[in-house]
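Please read it alongside the sequence and structure shown here.

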Amino acid sequence: MASRRNGTLYLGVTSNLIARVYQHRERLIDGFTKEHGCTDLVWYEPHDDVQEARRRELQLKKWKRAWKLDLIEHANPRWKDLYETLF
């Protein structure tokens, strides 16, 4: 999730991406994303195994910001909100 292009980034794991993104978009959950306006889904990576997803999350959270921006830019160069593509 991102607040805007090159803005604040949020990374997390969920078993229901559509529902979780909706919660962030509508600011239904208090916390980091609500405080920083992270409402746009600009990148996601599906995993079949939740433990694998959590390992990847921890790996990405250790990455430098520039690496995360490169990951987003490679997959979504216009930083388009991908929420509508989930349906």
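The protein chain of this predicted model has a radius of gyration of 12 Å, which agrees with the value near 12 Å for a compact globule of 87 residues. Taken along the principal axes, the box filled by its C-alpha atoms is roughly 25 × 25 × 25 Å.

**Secondary structure and contacts**

- The protein chain has four helices and zero strands.
- Read from the N terminus, the order of elements is α-α-α-α.
- Counting contacts between residues at least 6 apart in sequence, 65% link residues at least 24 apart.

**Burial and surface**

- Buried residues make up 28% of the 87 residues in the protein chain.

**Largest pocket**

- The largest pocket holds about 810 Å³ of space.
- Its lining consists of 32 residues, and those closest to the pocket centre are Leu 11, Gly 12, Val 13, Trp 43 and Tyr 44.
- Two or more lining residues come from each of α1 (17-25), α3 (50-61) and α4 (65-75).
- Helix α3 gives the largest share of the lining, with six residues.
- Sorted by class, the lining of the largest pocket comprises 17 nonpolar, six polar and nine charged residues.

Definitions and conventions: Residues numbered from 1 in each chain as written. Predicted model: local features only at pLDDT ≥ 70, side-chain atom pairs only at ≥ 80, totals over all residues. Heavy atoms only, no water. 1 Å grid on protein atoms, 1.4 Å probe; cavity = no way out; pocket = protein on both sides within 12 Å on 5 of 7 lines; lining within 4 Å. Points joined across faces, edges and corners; volume = space filled by probe spheres on them. Nonpolar A, V, L, I, M, F, W, Y, C, P; charged D, E, K, R; others polar. Rg over C-alpha atoms; globule rule 2.2 N^0.38 Å. Buried < 20%, exposed > 50% of the residue type's maximum accessible area, 1.4 Å probe, protein only. Contact = heavy atoms within 4.5 Å.
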